[in-house]
Amino acid sequence: VFIRGEKAKALKIRLVGFRAPEEVANMRRKKLKDQAKKKGRTVSKNSLKLCDWSLFVTNASEEIVPGEMIRSIYRVRWCVELIFKSWKSILRMHQSNVRKNDYRLKCELYAKLILAVITHTLHHHLHHYTWNKKGREISFDKLWKFIVARSESLHEAIIKSMKTFSHKVNSLLGKMIKDCEKLHQPSRKTTLQMIDEMIGDPLPTKINLERLE
């Protein structure tokens, strides 16, 4: 299909559709009707029909993202948002006291980006270990606070050498894993649990757009 913006040329994209479960479709219709009622409007028949479907558009080719993977990828989209959120709320990537010196600002930004790479790399390895070993996850927020609390000793170690720094980090791994485990809510599935359940998603359904007109 094609999507056309106000000024841009029409963009050729893929449209993938999955039929929603009946209870989900009914919830969507109820929400749509409630919203329309508040605004004094009437919901069109086409809008009510579309509640039966989950529609996704992408410019990624079938070779890069097969149709059956679209919904699975969309379900964990929030993970990407959480990364940027953590950069702002935890690493303070968007804040700086520099006002005029461009070079100093760039140095500070690069330093924060390097710190983000180091922290995310460490988080990834810890996360991978605890998930496969214990079925538990590591909180990025707790890990960052753990690092900040020991920033002086870690700074001293990295100044001496990478070997000293690695030895220091390795000596803290046991306590790091214990103190930084993420608390799970039994009533709410985690991202990794959702990914595990995505295996075996049904194939997407081809939609006849003429029937929706």
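Leaving aside neighbours within four places in sequence, which residues is Met176 in contact with? The answer is Leu122, Leu126, Leu143 and Phe146, where contact means heavy atoms within 4.5 Å. Keep in mind that this is a predicted model, in which local features need pLDDT of at least 70 and side-chain atom pairs count only at pLDDT 80 or more, while totals for chains, interfaces and linings use all residues. Residues are numbered from 1 along each chain as its sequence is written, and side-chain values use heavy atoms, with hydrogens and water left out.

**Overall layout**

- The protein chain has nine helices and four strands; these are DSSP runs, numbered from the N terminus, with helices being H or I of at least four residues and strands E of at least two.
- Going along the sequence, the pattern is β-β-β-α-α-β-α-α-α-α-α-α-α.
- The protein chain has 213 residues, and 26% of them count as buried (under 20% relative accessible area; exposed is over 50% and partly exposed in between, with a 1.4 Å probe and protein chains only).
- Take the contacts between residues at least 6 apart in sequence: 65% of them join residues at least 24 apart.

- Mean pLDDT for the protein chain is 82, with 86% of residues at 70 or more; pLDDT is the predictor's confidence in each residue, from 0 to 100.
- Residues 205-209 have pLDDT below 50, and this stretch makes eight contacts in the model beyond near neighbours in sequence.

**The largest nonpolar core**

- This core has 14 residues, and Met176 is among those with the most contacts inside it, along with Leu122, Leu126, Leu143, Leu154 and Cys180.
- Helices α5, α6, α7 and α8 each put in at least two residues, and α8 gives the most, with five.
- A nonpolar core here is a set of buried Ala, Val, Leu, Ile, Met, Phe, Trp, Tyr and Cys residues joined through side-chain atoms within 4.5 Å.

**The second largest pocket**

- There's about 430 Å³ of space in this pocket, a volume being the space filled by probe spheres set on grid points that are joined across faces, edges and corners.
- A pocket is an open set of points on a 1 Å grid over the protein atoms alone, where a 1.4 Å probe fits, with protein on both sides within 12 Å along at least five of seven lines; lining residues have an atom within 4 Å of a point.
- Its lining has 20 residues, with Leu115, Ile118, Ile147, Leu154 and Phe165 nearest the centre.
- α5 (102-134), α6 (140-149), α7 (151-160) and α8 (162-179) each supply at least two lining residues, and the largest share, eight, comes from α5.
- By class, the lining has 15 nonpolar, five polar and no charged residues.

- Leu32 sits in helix α1 (residues 22-38) and counts as partly exposed because its relative accessibility is 28%.
- Beyond four places in sequence, Leu32 is in contact with Val43, Ser47 and Cys51; Val43 is 11 residues away in sequence and 7.2 Å away in space, C-alpha to C-alpha.
- Val65 is in the loop between β4 (53-58) and α3 (70-75), and at 14% relative accessibility it counts as buried.
- Not counting residues up to four places away, Val65 touches Arg14, Ala60, Ile70 and Ile73.
- Leu105 belongs to helix α5 and, at 39% relative accessibility, is partly exposed.

Definitions and conventions. Nonpolar A, V, L, I, M, F, W, Y, C, P; charged D, E, K, R; others polar.
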